[in-house]
Each structure stands twice: as C-alpha cells, then as structure tokens.
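Hi,

Here is the structure I promised to pass on.

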Amino acid sequence: MYAVINSGGKQVKVTPGEVVRLEYLEGKVGDKVSLEDVLLVSDDKDVKVGTPLVKGAKVAGTIVEQGRGDKVTIFKFKRRKMYRRKQGHRQSFTAVMVDSIGAAKAAKAAKKE
C-alpha cells in the first residue's frame, strides 16, 4: 500500500513504516501528525485518484526529527563591475515516520449510495 501526499508544495510518495523528510511542520519529536492532502491511494487491489484530493483519506505519522538541511551557497557575480553577493541558506525540515495510510472509507460509502 502506498499514497502520494502534498506537503509544502511538493508531492511525496509514502508507504507505511517509511521515514520521509518533509518541509517544516509544527510540533515536537514524538508528536503525532495527520497529513490530509492525499492525492492518490493505492492498495493491492485498486488505485484511488483524487480530484484533486481523495475524500476521507488520511496519512498518520509520528515526528522523528526536526532539523535543518545542508547549507546552500548563493553567489551572484558580474564580471568587471565589482559586483559580488554571497548568501547562505539552510532549509528547515521535519522527518516523519509514516504509521498508517487511512483508506477512503467515506468514498466507499458514497459509491454504495
């Protein structure tokens, strides 16, 4: 089973038991998080694709680490003009252990009706 979620403007494929680095999420290490922007859910039998989100689907996880990534150097330079600008940036991240992928039970009930 796997799901594709949207977090921080990026799409990430997740499976239960996997540790995923996402853009910074509020919370402390050990806190539970619920990611509800689920774009696709797949189990062994079928694939549910959202328009744009799968209704009722949810990915539950636990925060494993809050940290900052490697430093990226931004250097602007124009030759012969004595123009040089150097800047650094470290992006914050949250490592999340995916506990479970909640299949869309609400979507199944809607199909029966």
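Which residues does Val38 touch, not counting those up to four places away in sequence? They are Ala3, Val4, Ile5, Pro52, Leu53, Val54, Ala57, Lys58 and Val59, where touching, or contact, means heavy atoms within 4.5 Å.

Before the rest, some ground rules. This is a predicted model, where local features need pLDDT of at least 70 and side-chain atom pairs count only at pLDDT 80 or more, while totals for chains, interfaces and linings use all residues. Residues are numbered from 1 along each chain as its sequence is written, and side-chain values use heavy atoms, with hydrogens and water left out.

Overall, the protein has 1 helix and 10 strands (DSSP runs numbered from the N terminus: helices are H or I with at least four residues, strands are E with at least two). The order from the N terminus is β-β-β-β-β-β-β-β-β-β-α. Its radius of gyration is 19 Å, well over the 13 Å that the globule rule gives for 113 residues, so the protein is more spread out than a compact globule. (That radius is taken over C-alpha atoms, and the rule is 2.2 Å times the number of residues to the power 0.38.) The C-alpha trace spans about 70 × 30 × 20 Å along its principal axes.

Back to Val38: along with Ala3, Ile5, Val14, Leu22 and Val59, it touches the most other members of the largest nonpolar core, which has 18 residues. Such a core is a set of buried Ala, Val, Leu, Ile, Met, Phe, Trp, Tyr and Cys residues joined through side-chain atoms within 4.5 Å. Strands giving two or more residues to this core include E1 (2-7), E5 (38-42) and E10 (92-102), and E10 has the largest share, 3 residues.

Sitting in strand E7, Thr62 is buried, with a relative accessible area of 15% (buried is under 20%, exposed over 50%, partly exposed in between, with a 1.4 Å probe and protein chains only). Its side chain makes polar contacts with the side chains of Lys32, at 3.3 Å, and Asp99, at 2.7 Å. A polar contact is a pair of N or O atoms within 3.5 Å; within protein, one must be able to donate a hydrogen and the other to accept it, and residues adjacent in sequence count only if both atoms are side-chain atoms.

Met82, by contrast, is exposed at 68% relative accessible area, in the loop between strands E8 (72-78) and E9 (83-89). Its C-alpha atom is 29 Å from that of Asp70, 12 residues apart along the chain.

Cheers
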